[in-house]
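Welcome! Please keep the viewer open as you read.

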Amino acid sequence: MNSIYAPASQQDLSLDEFWMPFTANRQFKDRPRLLESAEGMYYTDVEGRQVIDGTSGLWCCNAGHGRKEIAEAVSKQISKMDFAPTFQMGHPLPFQLAERLVELAPDGLNRVFFTNSGSESVDTALKIALAYHRARGEGTRTRLIGRELGYHGVGFGGISVGGMVNNRKAFGVQLPGVDHLPHTLDLERNAFTRGLPKHGVEYADHLERLVNLHGAENIAAVIVEPMSGSAGVILPPQGYLKRLREITEKHGILLIFDEVITGFGRVGSPFASQRWEVTPDIMTTAKGLTNGAIPMGAVFASDKIQDAFMHGPDGIIELFHGYTYSGHPVAAAAALATLDIYARDGLLTRIRDLEVYWQEGLHSLKGLPNVIDIRNTGMVGAVHLASRDGAPGRRGYDVFEGCFWSGLMVRNSGDIIAMAPPLIVEKSHIDQIINTLGDVIRRTP
Ligand code: PXG
């Protein structure tokens, strides 16, 4: 039995019952890392220690923590109307929110479907893609193409098109008819590149090979993260996303960008697709949509996609899909308050002024023991460490843990340390993050 006394809240906590997600439960419960409150750039743990947030929670608290406007909007809405259905009923908030989101979205992505998470957004996008082709009389287009090392959440659709082996291998069945493009991590040619790597546009050409293998008439969609976050910040080579767009367009294949991480200012524009000037047909989002405060996701689709469904008698439901909580009033209120903050404080483009400072800070870690690559774009960075012989992931974990006990929260994906601080970050916070990480890397064998 594991338990811990949490002094700040003066509570005894039993640690046994909560089966923690994506966590080494036994290891964690031996020496738990428990957070209790959060304000601005900092968490405070149950012992009262401050921890600077190097990861925006889990890539979601883009406006930093403790935003009173969001708390007030949520509290007001929950008292006014806690829940209302959006199946054959409606209420104003998701309509207002969809309109606001479309103003921010890449040109032409004018339709919004609400979900509760990134995983649900991905499932929704894949289902819309399949049903779209069917609605147009191209029902043979059923194959889905993802990418190695991609992360698209944990639904069966997401793990099928995703490409992280540990998320797939224990579960047996997956969607049939899925292929994967090669990932674009190329340490030999691109290590220590600042920003988008020069080499690797040709990784996109693999899509032509899949078209030649299966026939375009059998392929529904390609889904990629514009930048892979979870696998350790794997960037698109220069020209790569454009090439994918050209090939998909040429063959009538839909292009889905999973912007669950890159959305809402992470790379210096509202969405990565704008920064990198490639517009997909469908875009998935979540996380930063509500600043992480209330679960919510949104799938954006072009008019062309939605129009394909709007045929037949008026009384038929065009898309048999949706969640009890699609467009939940409290989540929508949180999202509207979040968008107000983003707009008022200019957060969706703010980091353009800071990204070079961040980049140079990160790259100053080159030369430290075991550092084999450093990658960055926008307010995202990764320090890639060499694996210990026979113990992949162990050094990354030790650095992650060392950072936490030194007052810095990072993520480790195997031996890659990933960071994405809130977009309110200042230079002094960047210095603190880089100095702490550097110290920990230096003393970690
Ligand atoms: N797509 C992408 C691109 C994601 O990054 C999801 C879908 C799934 O979202 P939900 O809301 O269902 O978890 C994600 C989630 C990490 C980390 O540390 C990343 C995610 C979640 C948890 C941890 O890299 N991304």
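## The largest cavity

Sorted by class, the residues lining the largest cavity are seven nonpolar, four polar and three charged. Keep in mind as you look around that this is a predicted model. Strand E13 gives the most, with three residues.

Two of the residues just named are also paired with each other. Arg375 and Asp373 form a salt bridge, with 2.7 Å between the closest N and O atoms. Are these two partners buried or exposed? Arg375 has a relative accessible area of 6%, so it is buried. Asp373 has a relative accessibility of 2%, and therefore counts as buried too.

## The second largest cavity

How many cavities of 30 Å³ or more are there? The count comes to two. The second largest cavity has a volume of about 40 Å³. Residues that line it include Gly150, Tyr151, His152 and Gly153, and also Gly162, Gly163 and Met164. By class, this lining divides into three nonpolar, seven polar and one charged.

## The second largest pocket

Now for a pocket. The second largest pocket holds about 1100 Å³ of space. It is lined by 31 residues, and Thr86, Val112, Phe113, Gln306 and His321 lie nearest its centre. Helix H4 (92-104), strand E6 (111-115), strand E12 (297-301) and helix H11 (303-309) are the elements that give two or more residues to the lining of this pocket.

Which element gives the most to the lining of the second largest pocket? That is H4, with five residues. By class, the pocket lining has 19 nonpolar, nine polar and three charged residues.

## Around the ligand

There are 15 residues around the ligand, and Gly118, Ser119, Ser230, Asp258 and Arg411 come nearest. Two of these can be followed down to single atoms. Gly118 places a backbone N or O atom 2.8 Å from a ligand oxygen atom, while Ser119 has a polar side-chain atom 2.6 Å from an oxygen atom of the ligand.

A ligand nitrogen atom takes part as well: an N or O atom in the side chain of Lys287 is 3.2 Å from it.

## Salt bridges

How many salt bridges does the structure hold? The total is 26. One of them joins Glu249 and Arg245, whose closest N and O atoms are 3.7 Å apart. These two residues are four apart in helix H9 (residues 240-250), so about one helical turn separates them.

Arg394 is partly exposed, with a relative accessible area of 37%. Elsewhere, salt bridges that share partners join Arg67, Glu69, Arg344 and Asp345 into one network.

Terms used:
Residues are numbered from 1 along each chain as its sequence is written. This is a predicted model: local features need pLDDT of at least 70, side-chain atom pairs count only at pLDDT 80 or more; totals for chains, interfaces and linings use all residues. Side-chain values use heavy atoms; hydrogens and water are left out. A salt bridge is a side-chain nitrogen of Lys or Arg within 4 Å of a carboxyl oxygen of Asp or Glu. Buried means under 20% relative accessible area, exposed over 50%, partly exposed in between (1.4 Å probe, protein chains only). On a 1 Å grid over the protein atoms alone, a cavity is a set of points where a 1.4 Å probe fits but cannot get out, and a pocket is an open set with protein on both sides within 12 Å along at least five of seven lines; lining residues have an atom within 4 Å of a point. Grid points are joined across faces, edges and corners, and a volume is the space filled by probe spheres set on the points. Ala, Val, Leu, Ile, Met, Phe, Trp, Tyr, Cys and Pro count as nonpolar, Asp, Glu, Lys and Arg as charged, and the others, Gly among them, as polar. A residue is near a molecule or strand if one of its heavy atoms lies within 4 Å of it. A polar contact is a pair of N or O atoms within 3.5 Å; within protein, one must be able to donate a hydrogen and the other to accept it, and residues adjacent in sequence count only if both atoms are side-chain atoms.
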